[in-house]
Amino acid sequence: MAVVGVLALQGSFNEHIAALRRIGVKGLEIRKAEQLDCVSGLIIPGGESTTMAKLAEYHNMFPALREFVKMGKPVWGTCAGLIFLANKAVGQKEGGQELVGGLDCLVHRNFFGSQIQSFEADLSVPELAAKEGGSSNFRGVFIRAPAILEAGPEVDVLAEVVVQSNESTKSSSNSVKVSKEQTDPESDKKVIVAVKQGNLLATAFHPELTADTRWHRYFLKMVDELSEGTTASGIVIAGGDSTAVQEQKIDLPVFVL
């Protein structure tokens, strides 16, 4: 019986737990390193990545988080969680921040700009649709979002977003403009916003802030596949019942432009 935790130092851990509850499972809040010994998978939520890193350092969680990744246990990072999992990050605050690492990517911490540059976009997600059904698009909610600038050869790209090429080459904290047409005109450039590498899943956007639970079900299947002694219908979040995850095809977002 697989057990999954949600890192609960700061950020949208409550929203992840609520999303898990909507598919019939219950989340366990993880605040201490020793709690990781009891779980088979972990979600690192979005939030303020520098603050989360300082809290993780204060609670001496980085060694345990790195060991969790090295052991091959499934970990999903959303937004700030993506930054945590990256091997390298740019655009950080002065002094930088500690990373868990494991994901062969270079991430720009605030690629899309500040809070007022937050946005939503329809993303093409063929892999997600093939595994979980529903629409081939997913409504991504980007809040002070990072982006993946480079991905290694072992990294599978699951979603990209189109930005104007004359803006996407800017560095520092300058914001970029997202193309309203999610096609690929020559004047535009795509940046990566969702990836999978082995036991690691990462999204620059916030699936927990929509009514579409397919990313959560996708991750739960990763936990099931990588956990010994479980079956496809036996995934349980810590403290939950052994109820099978029900197939849901909810495509409407909570937040609509």
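Accessible areas here come from the Shrake-Rupley method with a 1.4 Å probe; for residues, only the protein chains shown count as cover. By that method the protein exposes about 11500 Å², and carbon and sulfur atoms supply 49% of this area. This is a predicted model, in which local features need pLDDT of at least 70, side-chain atom pairs count only at pLDDT 80 or more, and totals for chains, interfaces and linings use all residues. Residues are numbered from 1 along each chain as its sequence is written, and side-chain values use heavy atoms, with hydrogens and water left out.

**Overall make-up**

- The protein has seven helices and 12 strands. Helices (H or I, at least four residues) and strands (E, at least two) are DSSP runs, numbered from the N terminus.
- Of the 257 residues, 53% count as buried. Buried means under 20% relative accessible area, exposed means over 50%, and partly exposed lies in between (1.4 Å probe, protein chains only).
- Contact means heavy atoms within 4.5 Å. Among contacts with a separation of 6 or more, 71% join residues 24 or more positions apart.

**Helix α1**

- Helix α1 spans residues 13–22, and its buried residues are Phe-13, His-16, Ile-17, Ala-19 and Leu-20.
- These residues cover an arc of only 160 degrees around the axis, so they sit on the same side of α1. The arc is that of the directions from the helix axis to the C-beta atoms.
- Gly-24 follows α1 and has a positive phi, near 90 degrees.

**Nonpolar core**

- A nonpolar core is a set of buried Ala, Val, Leu, Ile, Met, Phe, Trp, Tyr and Cys residues joined through side-chain atoms within 4.5 Å.
- The largest one has 71 residues. Leu-42, Phe-112, Leu-123, Phe-142, Val-193 and Trp-215 have the most contacts inside it.
- Helix α7 gives the most to this core, with six residues.
- Not counting residues up to four places away in sequence, Val-193 touches residues including Phe-112, Leu-123, Phe-142 and Phe-205.

**Leu-103**

- Leu-103 lies in strand β6. Its relative accessible area is 0%, so Leu-103 is buried.
- Leaving aside neighbours within four places in sequence, the contacts of Leu-103 include Leu-82, Leu-85, Val-195 and Leu-200.
- Leu-103 and Val-195 are 92 residues apart along the chain, with their C-alpha atoms separated by 9.1 Å.

**Salt bridges**

- Side chains of opposite charge can pair when their charged atoms come close.
- The structure holds 10 salt bridges. Each is a side-chain nitrogen of Lys or Arg within 4 Å of a carboxyl oxygen of Asp or Glu.
- Glu-98 and Arg-66 meet at 2.8 Å, N to O. This pair links distant parts of the chain, 32 residues apart: Glu-98 is in the loop between β5 (86–90) and β6 (103–108), and Arg-66 is in helix α3 (residues 62–70).
- Glu-98 is partly exposed at 30% relative accessibility, and Arg-66 is partly exposed at 25%.
- Glu-120 and Arg-139 form a salt bridge, with the closest N and O atoms 3.2 Å apart. Glu-120 lies in strand β7 (residues 119–124) and Arg-139 in strand β8 (residues 137–142), so the pair ties together parts 19 residues apart in sequence. Both residues are buried.
- Arg-217 and Glu-132 meet at 3.0 Å, N to O. Arg-217 is in helix α7 and Glu-132 in helix α5 (residues 126–132), so this pair ties together parts 85 residues apart in sequence. Arg-217 and Glu-132 are buried.
- Salt bridges that share partners join Glu-120, Asp-122 and Arg-139 into one network.
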